[in-house]
Amino acid sequence: MTEAATRRLKARYAAERRFRLIGLAAIVFSLAALAVLLTTILSNGFTAFRQTHVRLEIEFTADQVAPPGTTDPRQIMQGNYGALILAALQQRFPEVRSRGERRQLQGLISAGAESQLGRMVVAEPGLIGTKRQVWLPTSSDVDVFVKGQVDTGAAEGERKIKDTQVKWIEALRASGDLELQFNTRFFTGADSREPELVGVWGGVVGSFYTLLITLIVAFPLGIMAAIYLEEFAPKNRWTEIIEVNINNLAAVPSIVYGLLGLAVFIGFFGMPRSAPLVGGLVLALMSLPVIIIAARAALRAVPPSIRQAALGLGASPLQAVLHHALPLAMPGILTGTIIAMAHALGETAPLLMIGMVAFIVDVPVSPVDAATVLPVQVFMWADSAERGFVEKTSAAIIVLLVFLLLMNLAAILLRKKFERRW
């Protein structure tokens with residue numbers, strides 16, 4: 001080997017090593033960035049799964065709740081439960097006299113504690129006229145303070161939690177009447193103006209209805225279009241134009257589909273705003289090109305000998321496709337569909353255009369009810385100024401990531417289970 005050939009060989013080997021090192025560095029950088037992102041989300045959101053509660057001895061007096069023997073839920077829910085909570089707090093801290101101190105004392109407890117007491121009496125009317133020790137949720141300011149998210153070194157005027165309230169909190173903590181408990185409301189409730197009362201269940205149900213409509217519309221239409229284009233459509237200029245447009249539609253920005261849904265479904269057909277029905281139709285339009293492309297690729301991967309054998313045994317072209325090629329291509333179709341659904345689950349822009357950014361405090365019971373979805377819920381909470389929404393935003397992102405991971409895991413398992421090799 002000549003000296004020039006040796007130098008070229010060494011240079012080629014050096015270039016290969018540099019290429020491997022650059023690729024390895026890119027992988028390490030990506031993993032490090034992902035680790036930082038997940039660590040940040042988990043550290044900020046993990047605390048939202050626990051909520052500060054205070055134990056108070058509530059006296060359900062008849063003059064504040066309802067006469068004994070009352071069973072009408074509406075009358076019971078109209079009781080003055082705020083007065084019961086303030087009386088219990090003043091019994092716990094009898095030194096409080098001034099109106100300002102009473103206001104600060106009442107600020108320790110969440111505004112949702114009143115409805116909690118009302119639901120307790122509705123479920124057990126015999127509570128009227130009795131005393132009961134009850135764990136009530138604290139306000140968001142107290143919650144973030146107990147979790148160590150407030151700079152106690154700052155001046156009193158620069159923080160929402162006051163020194164007098166800090167003294168009361170420490171007294172409750174010392175007596176065992178204040179503790180962090182599992183935040184069930186976060187997983188069972190809907191949206192709220194108060195950070196300590198928000199929940200993701202409304203967004204989860206809205207996301208379920210939206211994805212259900214998306215799947216019902218996009219899955220059969222995508223498969224039928226793929227079968228026609230791949231198996232029966234003539235190869236001419238028109239089909240080439242259709243194929244090019246399908247590929248282009250898969251790359252169209254998602255907000256364009258939101259504008260289309262706003263103009264067509266809401267503006268022309270008059271469908272309800274903020275409804276999962278409209279959101280599902282918009283996401284179905286967005287997912288349809290992806291499903292068609294995945295289904296065509298899966299059908300193309302089925303060996304031609306399968307179709308030829310079916311035709312040789314007397315099957316019609318349609319039977320050869322539906323009875324033989326389609327079942328063998330279904331694992332790839334399902335994998336592509338699940339990936340498209342996972343992508344649709346994370347979309348926000350098209351849903352904002354059709355009004356699913358509305359403030360919805362009730363959990364939807366049907367696809368035509370006003371609702372929101374998890375990505376929009378995250379967007380709304382991230383835009384709130386309250387400090388308590390920071391951890392709730394990260395916690396909602398954790399829930400959304402769990403959904404996405406489960407959907408992608410399902411796609412991988414389907415691929416492994418039904419994969420065929422020829």
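This is a predicted model: local features need pLDDT of at least 70, side-chain atom pairs count only at pLDDT 80 or more; totals for chains, interfaces and linings use all residues.
Reader: At what angle do the axes of H4 and H7 cross, and are the two helices oblique or roughly parallel?

Author: H4 covers residues 99-106 and H7 covers residues 163-174, and their axes come within 10 Å. The axes cross at roughly 55°. Angles under 35 degrees count as roughly parallel, and 65 to 115 as roughly perpendicular. H4 and H7 are therefore oblique to each other.

Reader: Which residues in H7 does H4 meet?

Author: The crossing of the two helices is right-handed. The contact of H4 with H7 has two nonpolar, three polar and one charged residue. From H4 come Glu-101, Gln-104 and Leu-105, and in H7 they meet Thr-164, Gln-165 and Trp-168.

Reader: Why are H13 and H14 described as oblique to each other?

Author: H13 (residues 304-312) packs against H14 with the axes 9 Å apart, at an angle of about 140°. An angle has to be over 145 degrees to count as roughly antiparallel. H13 and H14 are therefore oblique.

Reader: How many nonpolar residues are in the contact of H13 with H14?

Author: In this right-handed crossing, Ile-306, Arg-307, Ala-310 and Leu-311 of H13 meet Pro-317, Ala-320, His-324, Ala-325 and Leu-328 of H14. By class, the contact has one charged residue, one polar residue and seven nonpolar.

Reader: Is the crossing of H9 and H12 left-handed or right-handed?

Author: H9 spans residues 201-232 and H12 spans residues 276-301. Their axes come within 6 Å and cross at roughly 35°. H9 passes H12 in a crossing that is right-handed.

Reader: Which element gives the most residues to the lining of the largest pocket?

Author: The largest pocket holds about 270 Å³ of space. Two or more lining residues come from each of H9, H14 (317-345) and H17 (388-418). The element that gives the most, with six residues, is H9.

Key
Residues are numbered from 1 along each chain as its sequence is written. Side-chain values use heavy atoms; hydrogens and water are left out. Axes are lines fitted to C-alpha atoms, for helices over the stretch in contact, and angles run from 0 to 180 degrees between N-to-C directions. Helices (H or I, at least four residues) and strands (E, at least two) are DSSP runs, numbered from the N terminus. A crossing is left-handed if the near helix is turned anticlockwise from the far one by less than a right angle, and right-handed if clockwise. On a 1 Å grid over the protein atoms alone, a cavity is a set of points where a 1.4 Å probe fits but cannot get out, and a pocket is an open set with protein on both sides within 12 Å along at least five of seven lines; lining residues have an atom within 4 Å of a point. Grid points are joined across faces, edges and corners, and a volume is the space filled by probe spheres set on the points. Contact means heavy atoms within 4.5 Å. Ala, Val, Leu, Ile, Met, Phe, Trp, Tyr, Cys and Pro count as nonpolar, Asp, Glu, Lys and Arg as charged, and the others, Gly among them, as polar.
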